[in-house]
Amino acid sequence: MQFGGFLSATALGLFVAGFAGTATAQPVVGQPASALVFPYFDSTPSHGTLITVTNTNTSRVSCGNTFRQGDIDVHYIYFGFDTGRGFCREFNNDHSLTPGDTITVFADQDDPEGEIGWLWVEARDPESGDAVDFDYLIGSAIVVNTGTDFLFHYLPYGFRSHADEAKTLTTTDGCGRTLTDLDGGLDADFDGVEYDFWPQRLLLDQFFQQGGSNPTFANSLTLASCDVDPFDNDFGTSVSIHPWNNRERRFSAFLNFECFFHDALAPAVSNVFLNLLGDNDELVLGSRHIQTGWIEFDANDAIVGVFHQSISGTFFAAGHQLEFEGAFGGPDDPNLSHTPCSLIR
């Protein structure tokens, strides 16, 4: 059942079924993981994004080679959206972290393509370059303008590896860390074993009704799709969007995109965000009457996202990653057509 240090497809399938039945293996936010997904970076003119990755493993115990247990390489994979062609282009970079090390890069310097898109970061053995179970990475992103004025901050989605739980059936690197590519397929499987599942559903807890006056709110939505292949003939990522107003009324909108979406809620998603038809007196600040709502997101592909809102003519700007529930393609996913996210390395 085992060959070349990897599990056969049959053995891996049996292991996944047994493991997934005992753990939901959802992503985490604000906790160490082996892979980090940043749904948004902007390297276009007049914009910038500071990407930070920190290694919380401080062990300086020698592995018997030239490395220590806390040494790790982090591999950055950028998916920059080409607006002219309508799909994402990949760009790769690598950085080395010593025990307890941290690195902050400007996305436009790390990925000189001058694009907007999303990226993910994977822990790799500095000796062999193989992806390893190394749940010690944390990070953050700060979106800035060309004057390095901070606009907003968000945390990446963390994906832990559970390959170590199959340690008797897998291979390890020179420091004894389990390799995550259990099936030898050369891709990263977010199947609850190699890495946590992507979310099954996204949620936005609150937004202000867009537009209006005194104040004038501007809202933007960013979504990153696991489906980064523009040639798979699946017609892209389709998202059902359900805003709710503060009177418990549910609306419907629909969005289709390829790999990456970033635009204003209105009119790009729906004009309902301009008129929620809710209680205008629920939130009153002086002469200002402000309506709020929340949103559900369901998609045919695994997605993650970031939300940003600001007030025109002021310095107010805030953003954060979207909240989530469930495991896309996991044992409790009610949509049986969903298959776990898989990304080619």
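**Close-up views of a predicted model**

**View 1. Pairing of strands E13 and E23.** In E23, Glu325 is the bridge partner of Arg201. Strand E13 (residues 201-208) and E23 run antiparallel and are joined by three bridges. Strands are DSSP runs (E, at least two residues) numbered from the N terminus, and two of them pair if DSSP finds at least two bridges between them. The model is predicted: local features need pLDDT of at least 70 and side-chain atom pairs count only at pLDDT 80 or more, whereas totals for chains, interfaces and linings use all residues. Residues are numbered from 1 along each chain as its sequence is written, and side-chain values use heavy atoms, with hydrogens and water left out.

**View 2. The open sheet of five strands.** The strand order is E16-E15-E20-E13-E23, with antiparallel pairing. Strand E16 (253-257) and strand E23 (323-325) each have a single partner strand and stand at the edges, so one side of each is left without a neighbour in the sheet. On average, neighbouring strands of this sheet are turned by 25 degrees against each other, direction ignored (axes are lines fitted to C-alpha atoms, and angles run from 0 to 180 degrees between N-to-C directions).

View 3. Ser43 lies in the loop between strand E3 (35-42) and strand E4 (47-55). With a relative accessible area of 7%, Ser43 is buried (under 20% relative accessible area, 1.4 Å probe, protein chains only). Leaving aside neighbours within four places in sequence, Ser43 is in contact with Ala107, Asp108, Gly114 and Glu115 (heavy atoms within 4.5 Å). The side chain of Ser43 reaches the backbone nitrogen of Asp108 at 3.2 Å.

Conventions. Helix = DSSP H or I, 4+ residues; strand = E, 2+ residues; numbered from the N terminus. Buried < 20%, exposed > 50% of the residue type's maximum accessible area, 1.4 Å probe, protein only. Polar contact = N/O pair within 3.5 Å; in protein donor to acceptor, adjacent residues only side chain to side chain.
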